[in-house]
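Look at the sequence and the structure shown here before reading on. The report then goes through them part by part.

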Amino acid sequence: MTMSMDQYFIKQQPYYRPVADEVELYEAAYSVRMPMMLKGPTGCGKTRFVEYMAWKLGKPLITVACNEDMTASDLVGRFLLDVNGTRWQDGPLTIAARNGAICYLDEVVEARQDTTVVIHPLTDARRVLPLEKKGELVHAHPDFQLVISYNPGYQSLMKDLKQSTKQRFGALDFNYPEHDIEVEIVGHESGVDRSTADKLVSIAERARNLKGHGLDEGISTRMLVYAGSLIAKGVDPRAASRVALVRPITDDPDMRDALDAAVTTFF
Ligand SMILES: Nc1ncnc2c1ncn2[C@@H]1O[C@H](COP(=O)(O)OP(=O)(O)OP(=O)(O)O)[C@@H](O)[C@H]1O
């Protein structure tokens, strides 16, 4: 059965605002098919960046959101039972390897350890994917590339990528963009004017300073886009900020009040 890859091509240029030289570095990495690791907090633009790069390179993109229940079979494939007996079905990683897609494993560290075993032979000079249950060795298509994301803040000692995994990847650091760039992104994505976007980013910067002092994670660019979208729909900025910026990140009443106070400083 040949797989239609058409659905995996990104047809329209995604909006991506480069923050440094990440586009050029990624292109160079892709040209030698170096597996890449995108490091950074949630909601800071990693997924958007891969979408943009896949579009720019003209390659199909297969994205897999990893979770703790995910097994190697979810990536590689499995036998399915149907009326005619059993039938093998390729998983997303196998589809990507066979057809020359960029495969983006989002938060791969969440997945069970056995998943790292399957990515190892794909990420060194062999570029092969053993389908053990099927007894097949897939040689990756020359265009195939593996990309993973990784949030260093979340990792515990129990759950971290092993050095033998990390050292198979080139890594790019992502973070919330600097003030003016983030204002531009929030304005573009949500449709609010510059002054409103500027206030939203200022609120986020206050909250980010509280990270580690009662907040696990700061307000992300994604949250600012949400808040801006509500404001653009006519929601009162204070209410929009409460709903989209403050309530989602804390359950602690004191922290909530401190963040609400930051909101009223700006709106
Ligand atoms: N540099 C950027 N250019 C354009 N949009 C951006 C940029 N950075 C962040 N965004 C906006 O922030 C939103 C969230 O980013 P994205 O989904 O890429 O986060 P992420 O880092 O992949 O998060 P997660 O790890 O949770 O998947 C995007 O939908 C986009 O609106």
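## The model as a whole

This is a predicted model. The average pLDDT of the protein chain is 93, and 97% of the residues reach at least 70. For the model, ipTM is 0.98 and pTM is 0.94. Where pLDDT is low, predicted coordinates should not be read in detail.

The protein chain has 267 residues, and 35% of them count as buried. It contains 11 helices and nine strands. Along the principal axes, its C-alpha atoms fill a box of roughly 65 × 40 × 35 Å.

## Two domains

The protein chain is divided into domain 1, residues 6-173, and domain 2, residues 179-266. The centres of domain 1 and domain 2, taken over C-alpha atoms, are separated by 31 Å.

Contact between the domains involves nine residues of domain 1 and nine residues of domain 2. On the side of domain 1 that touches domain 2, four residues are nonpolar, four are polar and one is charged.

## Around the ligand

How many residues surround the ligand? There are 20, and the closest are Thr42, Gly45, Lys46, Thr47 and Arg222. By class, the shell around the ligand consists of seven nonpolar, seven polar and six charged residues.

Both parts of the chain take part in this shell: domain 1 and domain 2 each give at least three residues. Three helices, α2 (46-57), α7 (179-190) and α9 (221-232), each supply at least two residues of the shell.

## Helix α8

Helix α8 runs over residues 194-208, which makes 15 residues. At 1.5 Å a residue the helix should span 21 Å, and this agrees with its end C-alpha atoms, which are 21 Å apart.

Which residues of α8 are buried? They are Thr196, Ala197, Lys199, Leu200, Val201, Ile203, Ala204 and Ala207. An α-helix has 3.6 residues a turn, so residues three or four places apart point the same way. The cover over the buried residues of α8 includes α7, α9, α10 (237-246) and α11 (253-266).

Thr264 lies in helix α11. Is Thr264 buried or exposed? Thr264 counts as exposed because it has 10 C-beta neighbours inside 10 Å, and the cut-off for exposed is 12 or fewer.

Thr264 can also be set against Tyr52. These two residues are 212 apart in sequence, and their C-alpha atoms are 36 Å apart in space.

## Two arginines with positive phi

Most residues other than glycine have a negative phi. Arg33 has a positive phi, near 55 degrees, and is not a glycine. Arg33 sits in the loop between α1 (22-31) and β1 (36-39). With 15 other C-beta atoms within 10 Å, Arg33 is partly exposed.

Arg127 also has a positive phi, about 50 degrees, although it is not a glycine. Arg127 belongs to the loop between α5 (113-119) and β6 (128-131). Why is Arg127 classed as partly exposed? The reason is that 19 other C-beta atoms lie within 10 Å of Arg127, whereas a buried residue needs 20 or more.

Note on methods: Residues numbered from 1 in each chain as written. Predicted model: local features only at pLDDT ≥ 70, side-chain atom pairs only at ≥ 80, totals over all residues. Near = placed C-beta within 6 Å. Helix = DSSP H or I, 4+ residues; strand = E, 2+ residues; numbered from the N terminus. Nonpolar A, V, L, I, M, F, W, Y, C, P; charged D, E, K, R; others polar. Domains from an automatic or database assignment. Expected span 1.5 Å × (residues − 1). Contact = placed C-beta atoms within 7 Å. pLDDT = per-residue confidence, 0-100.
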